[in-house]
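Trainee: I have not looked at this one before. Can you walk me through it?
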Amino acid sequence: MRKNILIIEDEERIRRYLELELSHEGFNVILAEDGEKGVELFRKNSCSLILLDLMLPKMDGRTVCKKIREESDIPVIVISAKDEISGKVQLLDLGADDYITKPFVIEELLARIRVIFRNKKEFGNKKILNFGKISLDLNLKIVYSNEKKISLTKTEYNLLYYFMINKNIVLSREKILENVWGYDYFGDGKIIDMYVKALRKKIDPTGKYIKTVRGFGYILKKGEENEKFKK
Ligand code: CA
């Protein structure tokens, strides 16, 4: 069955482009040109994913996201101009699942959509991410390590979340900065090293999950054993 993707975007050029590309990928595309219409179409249709622009007429994207979140766990990917967002943290607070900045390449967006659908399938609606002995309860924002509740700061939580949705992928410091701290953060990658160190200590004193990839960045990866995702 074709999945419905709702695109809420006022820029016609981008809307058409996404419609074309996503239909080509086999999705059924529903289009809204402003925020109000977006919420209306979200309520009327059974969608699998929403692509949401932030600067929208009638109702801005943040409000749209909040409204949707009050009613549903549907994955939301925010599409925004660089200067419209002040970071992943804020988006996670809103309840968005991911974001991509304009201009973007369609392959990257498609990859993110695939990750979300894959996670959704693996994790169901329980919204618990598991990796090894670490569990993240996305609804309650609680982290367990070895079944013990551990306390993380908001940034540590967001960093861990980012690692978990990108497991087994090497993440550069730039990529982590951009996604966890956001574009408005002016600093170097050293802050990440600091946070990773702290995070490792809290979630996994043996340091076996978040590995340093010299010259590249970090990866959340387990050793030899195959990963299993518990539902
Ligand atoms: Ca816009």
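Mentor: What follows is a short tour of a predicted model, taken topic by topic.

Trainee: Start with the metal. Which residues are the protein donors of the calcium ion?
Mentor: They are D10 (OD), D53 (OD) and M55 (O), lying 2.1 to 2.4 Å from the calcium ion. The spacing of these donor residues in sequence is D-x42-D-x1-M.

Trainee: Where do D10 and D53 lie?
Mentor: D10 lies in the loop between β1 (4-8) and α1 (12-24), while D53 is in strand β3 (residues 49-53), so the pair ties together parts that are 43 residues apart in sequence.

Trainee: And D53, is that buried or exposed?
Mentor: D53 is buried, because its relative accessible area is 2% and buried means under 20%. D10 has a relative accessible area of 33%, so D10 counts as partly exposed.

Trainee: New topic. Where does C47 lie?
Mentor: C47 sits in the loop between α2 (35-44) and β3. With a relative accessible area of 16%, C47 is buried.

Trainee: What does C47 touch, not counting residues up to four places away in sequence?
Mentor: With those left out, C47 touches N4, L6, I30 and I74. As for P75, which is 28 residues from C47 along the chain, the C-alpha atoms of the two are separated by 9.4 Å.

Trainee: Now the backbone. Which peptide bond is cis?
Mentor: The one from K102 to P103 is cis, with omega near -5°. P103 is in the loop between β5 (98-102) and α5 (106-123).

Trainee: What about phi of K58?
Mentor: Phi of K58 is near 70°, a positive value in a residue other than glycine. K58 is found in the loop between β3 and α3 (61-71), and with 64% relative accessibility K58 counts as exposed.

Trainee: And phi of E147?
Mentor: Phi of E147 is near 65°, again positive in a residue other than glycine. E147 is in the loop between β8 (142-145) and β9 (148-150), and its relative accessible area of 74% makes E147 exposed.

Trainee: Stay with β8 and β9. In what sense do they pair?
Mentor: β8 and β9 pair in the antiparallel sense over 3 bridges, and V143 stands opposite I150 in β9. The two strands form a hairpin with 2 residues between them, and N146 in the turn has a positive phi of about 55°.

Trainee: How many bridges are there between β7 and β8?
Mentor: Strand β7 (residues 134-137) pairs with β8 over 4 bridges, in the antiparallel sense. I134 stands opposite S145 in β8. The hairpin of β7 and β8 has 4 residues between the strands, and K141 there takes a positive phi near 55°.

Trainee: On to helices. How do α6 and α8 cross?
Mentor: The axes of helix α6 (residues 154-165) and helix α8 (residues 190-203) come within 10 Å and cross at roughly 85°. The two helices are therefore roughly perpendicular to each other.

Trainee: Which residues meet there?
Mentor: From α6, T155, E156, L159, L160 and F163 meet Y195, V196, A198, L199, K202 and I203 in α8. By class, this contact of α6 with α8 has 8 nonpolar, 1 polar and 2 charged residues.

Trainee: Last one. Which residues are buried in α7?
Mentor: In helix α7 (residues 173-181), I176, L177, N179, V180 and W181 are buried. After α7 comes G182, whose phi is positive, near 95°.

Methods
Residues numbered from 1 in each chain as written. Predicted model: local features only at pLDDT ≥ 70, side-chain atom pairs only at ≥ 80, totals over all residues. Heavy atoms only, no water. Axes fitted to C-alpha atoms, helices over the stretch in contact; angles between N-to-C directions. Parallel < 35°, antiparallel > 145°, perpendicular 65-115°, else oblique. Contact = heavy atoms within 4.5 Å. Nonpolar A, V, L, I, M, F, W, Y, C, P; charged D, E, K, R; others polar. Buried < 20%, exposed > 50% of the residue type's maximum accessible area, 1.4 Å probe, protein only. Donors = N, O, S within 2.8 Å, 3.2 Å for Na, K, Ca; no water. Pairing = 2+ DSSP bridges.
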